[in-house]
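Open the model in your viewer and keep the sequence panel beside it. We will go stop by stop, with something to select at each one.

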Amino acid sequence: MRHPAWQNRANADIAQALQHRGQAWDVVVIGGGITGAGILLEAAKRGLSALLLEQRDFAWGTSSRSSKLVHGGLRYLKEAKFHLTRDSVRERERLMQQADGLVEAQSFAFADYRGRKPGRWMFALGLAIYDRMAGQRARHYFSKDEFNLLTPHIAQQDLQGGLCYADAKTDDARLVLRVLQEAQAAGAVALNYVAVENVLYSDGQASAVQVVDQVSGQHLQIACRTVINATGAWAARLRRPDVVQADSAKKLRPLRGSHLIFPAWRLPVAQAVSLMHPRDGRPVFLYPWEGVTLVGTTDVDHQLDIQQEARISQAELDYLMEALAFQFPSLALSCDDIVSCYAGVRTVIDSGQADPSKEARDHAVWLEHGLLTVTGGKLTTFRLIALDALKQLKPYFPHWKDVGTADALFPDPLSATAMAELPPGLNAQQWRRLCGRWGRDALALIAIAQEAELQTLPGTQTLVVELRWAARFEAVWHLDDLLLRRTRLGLLLKAGGAAHADLFRRICQQELGWNDARWLQEWTDYLALWEGCYSVQHLRAASSASMTSATSATPVSVQRCSSKI
């Protein structure tokens, strides 16, 4: 069985793991989200010695809490950002081809109501441009009867028909892990729970980082030639104070986006449904994801401590429930139906816009005394962001290995023969999903399955063996690493998966060596985290009134949701 590339370390091994043949690292990447992972992979492919350090867990921040869409940014056409849309569409197509089973096509439907914006012809024009950028051509408009077959339960008053278009979706945390897997296979090192406390300078240039291992408590200094700050909402902390004060044009604005998850049977959608919110005209969407229905998103200023887990507010909950009542009045959804919720913080450059949604989503790259800060951007374009970042560092490494910008993102997948041979006990969809998420490790993952571990947990698409593999090989230190990021069971299962506690305990004790006391502490901490940030329990003080159904195209008044889960 092939041993995976992950650096699973014991507490005492941190110093050895951070050594690089007694030499300075070419690149130290700070931040274990999709931006940092993409940079690490591209640096390793160019022959640079590259180390990634994440203060919490891989994908702990924005990259496990996104809307999970790999999209071209249709709304950016309205803002005349044609280059951003074109790049996003092309990267979407690349990811769908090269990460099949992890990045999947998703059809979107948008209802056409009489007198409601955007009108049919304006939307159709945008979709025609969208198709052209992707090199595709498809039928978009459907009559009322046809559209009702595609999107049952939607509001009927003034409905004239609807438009459909194609985008894509993914498991954002698993995409980060897949990119990190490939980076380590190319020679890079990625470590979680290692916090960078300070960037050190020599002769005016970044030359080392001071770190603390969050597991063992060890403090170390790591020499390097360049440092890349890919920490998103946390980026300002690592920049030199004198530089930040002198450059107000690069002020960061953290924005929070929150999402709800419903059982698929309670909010059944065969494809994604996109709508304009009745209150402010912002786009809201819902779509099938991992066996549930995901609803999002909000866009508000995040004014809380970014070191703490982000969580949905009462106002955001009401906002999303209002959109659902408006578009699906016959379902009479209430907060009692919610399985879980989650919120993430993304960063944009603050231009002073009163409406957070109007801030630009372009990424920004700043090179300051050998410290390269990368922030903003989209999940879809992480590869282009990485290439742009490394282009800024090319003067430091004039002799790096020449790699084409159009090379394969994942260059060493399973062979076509291996993918075509369906393992016993799996159907074609399950095998495709595993190959997308674990690439070359998919066969090894199947090989470690114990009795009944090739079965899915009810209500999800997750195989039990995925828990075992992640616990054994993917640098899991805490239970929330396993249930919220390596797998998404904490989002998909009622009460965070409490009904499966015995299964989780058995695997963690077998693979992680946790004794009874450690398990009890991890389980207690996980439940407290889940109840505070991934359910609506923390909004219990709100009124018990549930959202009433919308009966017309008139915007629904805001009502407070109950939180009886």
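**First stop: around H15**

The buried residues of H15 are covered by a set of elements that includes H7, strand E7 (189-192), H14, helix H16 (489-492), H17 and H18. This is a predicted model. Select H15 itself, residues 479-486. How many of its residues are buried? The count is 8 of 8, so H15 is mostly covered. They are Leu479, Asp480, Asp481, Leu482, Leu483, Leu484, Arg485 and Arg486.

Show side chains where they meet. From H15, pick Leu479, Asp480, Leu483 and Leu484. From H18, pick Trp519, Glu522, Trp523, Tyr526 and Leu529. By class, this contact has 7 nonpolar residues, 2 charged and no polar ones.

**Second stop: H14 and H17**

Select residues 464-473 for H14 and 501-512 for H17. Their axes come within 9 Å and cross at roughly 35°. The crossing is right-handed. On the H14 side, the contact uses Val464, Leu467, Arg468, Ala471 and Arg472. On the H17 side, it uses Leu503, Phe504, Ile507, Gln510, Glu511 and Leu512. These contact residues divide into 7 nonpolar, 1 polar and 3 charged.

Stay in H14 and click Phe473. Phe473 counts as buried because its relative accessible area is 7%, under the 20% cut-off. Draw a C-alpha to C-alpha distance from Phe473 to Leu512: 9.8 Å in space, for residues 39 apart in sequence.

Which residues have the most contacts inside the largest nonpolar core? Select Val29, Ile39, Leu40, Leu175, Val179, Leu180 and Ile228. This core has 45 residues. Six elements each supply at least two of its residues: strand E1 (25-30), helix H2 (34-45), strand E2 (50-54), helix H7 (172-185), strand E18 (371-375) and helix H10 (382-393).

Zoom in on Leu175. Beyond its neighbours within four places in sequence, Leu175 is in contact with Ile34, Leu102, Thr170, Leu379, Phe382 and Phe410. Another core, of 44 residues, lies apart from the largest one. Its residues include Leu482, Leu492, Trp514 and Trp523.

Go to Ser274 in strand E12, residues 272-276. Is Ser274 buried or exposed? Ser274 counts as buried, at 11% relative accessibility. Leaving out neighbours within four places in sequence, show its contacts: Phe108, Ala109, Phe110, Ala111, Tyr165, Val284 and Phe285.

Next, pick Glu316 in helix H9, residues 314-327. Glu316 is buried too, with a relative accessible area of 3%. Again leaving out neighbours within four places, Glu316 is in contact with Arg256, Ser258, Thr298, Val300 and Arg311.

Select Arg116, in the loop between strand E4 (103-113) and helix H5 (120-134). Arg116 is partly exposed, with a relative accessible area of 26%. Its C-alpha is 9.9 Å from that of Gly281, 165 residues away along the chain.

The next picks are about backbone geometry. Most residues other than glycine have a negative phi, and most peptide bonds are trans.

- Gly296 to Thr297: this peptide bond is cis, with omega near -5°. Thr297 sits in the loop between strand E14 (292-296) and strand E15 (300-301).
- His153: phi is near 80°, a positive value. His153 lies in the loop between helix H6 (144-150) and strand E6 (159-170). His153 is partly exposed, at 35% relative accessible area.
- Ala452: phi is positive here as well, about 70°. Ala452 is in the loop between helix H13 (442-447) and H14. Ala452 is partly exposed, at 45% relative accessible area.

**Last stop: zoom out**

Show the whole protein as a cartoon. There are 18 helices and 18 strands. Of the 565 residues, 58% are buried. Look at how the chain meets itself. Among contacts between residues at least 6 apart in sequence, 72% join residues at least 24 apart.

Methods
Residues numbered from 1 in each chain as written. Heavy atoms only, no water. Axes fitted to C-alpha atoms, helices over the stretch in contact; angles between N-to-C directions. Helix = DSSP H or I, 4+ residues; strand = E, 2+ residues; numbered from the N terminus. Left-handed = near helix turned anticlockwise from the far one by under 90°. Contact = heavy atoms within 4.5 Å. Nonpolar A, V, L, I, M, F, W, Y, C, P; charged D, E, K, R; others polar. Core = buried A, V, L, I, M, F, W, Y, C linked by side-chain atoms within 4.5 Å. Buried < 20%, exposed > 50% of the residue type's maximum accessible area, 1.4 Å probe, protein only.
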